[in-house]
Amino acid sequence: METTRLIARVDAEFARLDPPWWPNPHEDREATEEEYSRVTDPGRYRVVALRARAWSRVLGTVPDIDVEPVAPESLGPDLDGGVRLTSRRPGTLPLFFLERGPTPDSDVPLVRIGMADPDTELELVPDCGCDACDHGSDDLVRGLDEAVVEAMSGIVLMLAGTWRGVWTPDGGGVGGDPGLPELDQVLAWGRRLSRQEHVSFPEDVRVLVNDPWM
């Protein structure tokens, strides 16, 4: 199924969940200093959980994709539950859409997208819920969609003790402590791994290769 058709179905399912919507408060201005220490409405960030649920419902109707709930007790104390998605296509790894609701100390609801196991994080949406980092609900929805599509389009994750690298067909990235590999090197490794070629790393690296789901 083409990505545009898939997202159109997700949009329709999402609308039925009556999600909150708010504009980008920084469309034409910079964030103020006080906004960095303020969270005006934590509850509205449930929009990301609703979007993830719309994705899981739609993907659950796609042939060769299975969706099953993840019990909260199997997760860490900072997560409330979610779903595990698996593709029957060879070379694919499970994906996880895991949720956390608002907490008494004003932490906002969030969704963690994981791969292979619940603890291996691909993306956290939002990565910050303060007013200064608020760019409206459409920005959050778009960020979650991009992370899901990227994971399902084929992705290589390289996890070392001091750095983390990602390769996708459209690019990638690397981050970590000083001395980490150059981006070009990480992308070359990822490209070879996506072709199932052997790569010798300079240190112990955990490699996760998720082939395209569709």
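Predicted model: local features only at pLDDT ≥ 70, side-chain atom pairs only at ≥ 80, totals over all residues.
Residues are numbered from 1 along each chain as its sequence is written, and side-chain values use heavy atoms, without hydrogens or water. Local features need pLDDT of at least 70 and side-chain atom pairs count only at pLDDT 80 or more, whereas totals for chains, interfaces and linings use all residues.

By the criterion for a disulfide, a pair of cysteine sulfur atoms within 2.5 Å, the count is 0. The sulfur of cysteine 128 lies 3.6 Å from the closest cysteine sulfur, that of cysteine 130, which is too far for a bond. Cysteine 133 is likewise in no disulfide, the nearest cysteine sulfur, again that of cysteine 130, being 3.6 Å away. With buried defined as under 20% relative accessible area, exposed as over 50% and partly exposed as in between (1.4 Å probe, protein chains only), cysteine 128 is partly exposed at 31%, and cysteine 133 is partly exposed at 34%.

The peptide bond from valine 125 to proline 126 is cis, with omega near -5 degrees. Aspartate 18, which is not a glycine, has a positive phi of about 55 degrees, and this aspartate is exposed, with a relative accessible area of 63%. Aspartate 64 also carries a positive phi, near 75 degrees, in a residue other than glycine, but counts as partly exposed at 39% relative accessibility. Aspartate 64 is placed in the loop between α2 and β1 (65–70), where helices (H or I, at least four residues) and strands (E, at least two) are DSSP runs numbered from the N terminus.
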